[in-house]
Amino acid sequence: MEEYRWGIFLAEADPDKLINFGKHKGGKVWHEVPGEHRADLMRLIVVQGDTEPASVEQQRILGNTAPSIYDLRNLFQVNVEEGRHLWAMVYLLHAYFGREGREEAEQLLKRNSGDLDAPRILGAFNEATTDWLQFFMFTYFTDRDGKYQLGTLKESAFDPLARTCEFMLKEEAHHMFVGTTGVQRVVERTAELMKEHGTTDVFPHGGIPLDVIQKYLNFQYSVSMDLFGSEQSTNAGNYYSSGLKGRWQETRRKDDHVLLGGVRTMRYVEDGEIKEKEVPLLSALNLDLRDEYVADCANGVRRWNQALEDAGLDERLFLPHEGFNRRVGVYANHHVSPAGEVLDDADWDARVDDWLPSAKDRKAVADLMVPEYEYGKFAGWIAPPKTGINDQPVEFDYVHLAEEGLA
Ligand code: BYC
Ligand code: FE
Ligand code: FE
């Protein structure tokens with residue numbers, strides 16, 4: 001990490017940049033905060049900033065049980081970058097929002113992930129990252145929400161926000177690489193053990209069973225879906241019309257970029273059934289972004305399933321239904337199974353341990369989490385990566401344990 005450049009990084013400035021959407025479309029981007037949008041902009045920056053240290057708080061225990069020095073290195077890179085993302089948001093608060101901004105920045109230091117009195121703002125950032133499988137699911141599913149949210153904020157008419165987010169977005173690629181390949185390596189190891197021992201229950205053989213991997217996936221996907229907010233949100237519509245937050249790939253969309261009068265369909269629950277209705281497009285921009293996210297999430301699952309297919313196994317992983325285990329939006333007060341059936345309380349309670357990690361599952365996974373800090377070696381529940389990082393070999397001394405007084 002010595003070479004890591006700490007600081008505030010912004011993408012290149014473009015002196016001719018114009019606002020691409022909303023009621024100010026065609027005007028020049030802003031270099032100062034317009035009074036009328038001050039509160040909303042500060043809110044967006046505070047929410048974004050709050051998630052960054054939250055993830056580090058969630059992940060800070062993982063160094064105790066890293067499955068290899070290679071994985072420990074990746075954890076450190078993710079944590080350092082999230083720390084810097086916080087700094088980038090604090091810089092905006094200090095530089096552009098005066099005394100109020102400084103107070104909000106101070107509050108960011110007071111909240112803590114999972115703290116009952118002063119929790120982080122968004123649900124997923126108060127969940128415990130219990131072990132490395134959860135961490136890989138987190139970087140796959142939750143950092144991916146970061147990718148999509150940053151992708152909308154990089155369209156912002158407030159240029160300093162747009163430029164910091166564009167830079168932050170570049171770093172998300174590595175975080176999601178850690179998730180995609182992390183889960184893949186767990187799946188590969190599990191497949192190997194299943195074939196070797198002819199059983200799906202690979203816990204006694206030192207691996208994580210596929211049905212437990214599926215439960216971890218179900219959990220992290222559903223709490224990450226909540227991060228998009230309600231399907232219909234006047235906040236989201238106002239952010240868009242005001243030019244504060246655009247859509248994913250705004251400039252590639254082939255429409256008027258104002259969206260007044262547009263409509264789309266939205267699923268919801270009524271009389272114990274999932275139905276569809278037509279709603280104004282401008283009211284459903286959180287859903288628009290979530291749809292993009294869901295399509296992207298499916299790519300990794302296809303990769304993981306390819307690994308199962310290559311191993312000659314019939315089992316497959318899948319994304320649960322969008323309504324599964326939701327606390328925000330139209331599904332919040334309903335129980336929906338991973339297959340998409342609406343259930344009553346009794347049916348849900350009877351099945352929930354088949355779908356979400358139980359205390360017993362988490363304990364069994366935690367028992368496998370023994371640190372492996374010998375260079376080039378890997379814990380038994382995960383396959384080694386195909387290649388090292390930055391063209392270095394897998395057994396490279398990525399973390400200098402002796403120099404840090406840790407060996
Ligand atoms: N938990 O109108 P609604 C990342 C609140 S991740 C708790 O539907 P809106 C990263 C909501 O705040 C990316 N509360 O929401 C990843 C609102 O409260 P107020 C983070 C929630 O405003 C990994 C109320 O419910 N960036 O970078 O349309 C590692 C009504 O909701 C939740 C952003 O999120 C929830 N899940 O949309 C490290 C971008 N969801 O205002 C980092 C900035 C909603 O009535 N944030 N609520 O008190 C936003 O754009 C919006 O705030 C949201 C919510 C999309 C989050
Ligand atoms: Fe981040
Ligand atoms: Fe990230």
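The shell around ligand 1 divides into seven nonpolar, 12 polar and six charged residues, where Ala, Val, Leu, Ile, Met, Phe, Trp, Tyr, Cys and Pro count as nonpolar, Asp, Glu, Lys and Arg as charged, and the others, Gly among them, as polar. The structure is a predicted model, in which local features need pLDDT of at least 70 and side-chain atom pairs count only at pLDDT 80 or more, whereas totals for chains, interfaces and linings use all residues. Residues are numbered from 1 along each chain as its sequence is written, while chains are lettered from A and ligands numbered from 1 in the order in which they are written.

Among the 25 residues around ligand 1, those that come nearest are Ser55, Gly146, Gly229, Ser230 and Ser233; a residue is near a molecule or strand if its C-beta atom, placed from the backbone, lies within 6 Å of it. Two or more residues of this shell are given by each of α1 (38–59), α4 (132–153) and α7 (234–241). The largest share, six residues, comes from α1.

The protein chain contains 10 helices and four strands, defined as DSSP runs numbered from the N terminus (helices: H or I, at least four residues; strands: E, at least two). From the N terminus on, the order of these elements is α-α-α-α-α-α-α-β-β-α-β-β-α-α. The C-alpha trace spans about 65 × 60 × 40 Å along its principal axes. The radius of gyration of the protein chain is 22 Å, which agrees with the value near 22 Å for a compact globule of 407 residues; this radius is taken over C-alpha atoms, and the globule rule is 2.2 Å times the number of residues to the power 0.38.

Helix packing was examined next. Helix α1 packs against α3 (residues 98–110) at an angle of about 25°, with the axes 10 Å apart. Axes are lines fitted to C-alpha atoms, for helices over the stretch in contact, and angles run from 0 to 180 degrees between N-to-C directions. Helix α1 is therefore roughly parallel to α3, since angles under 35 degrees count as roughly parallel, over 145 as roughly antiparallel, 65 to 115 as roughly perpendicular and the rest as oblique. The crossing of α1 and α3 is right-handed; a crossing is left-handed if the near helix is turned anticlockwise from the far one by less than a right angle, and right-handed if clockwise. On the α1 side, Met42, Val46, Gly49, Asp50 and Pro53 meet Glu100, Gly101, Glu104 and Leu108 of α3, contact requiring C-beta atoms, placed from the backbone, within 7 Å. This contact has four nonpolar, two polar and three charged residues.

Helices α2 (residues 69–96) and α5 (residues 159–197) pack at about 170°, their axes lying 10 Å apart, so that α2 is roughly antiparallel to α5. Their crossing is left-handed. Residues making the contact include His85 and Tyr96 of α2 and His174 and His175 of α5. By class, the contact of α2 with α5 has eight nonpolar, six polar and two charged residues.

The axes of α4 and α6 (residues 210–226) come within 9 Å and cross at roughly 30°; α4 is therefore roughly parallel to α6. Helix α4 passes α6 in a right-handed crossing.

Terms used
Contact = placed C-beta atoms within 7 Å.
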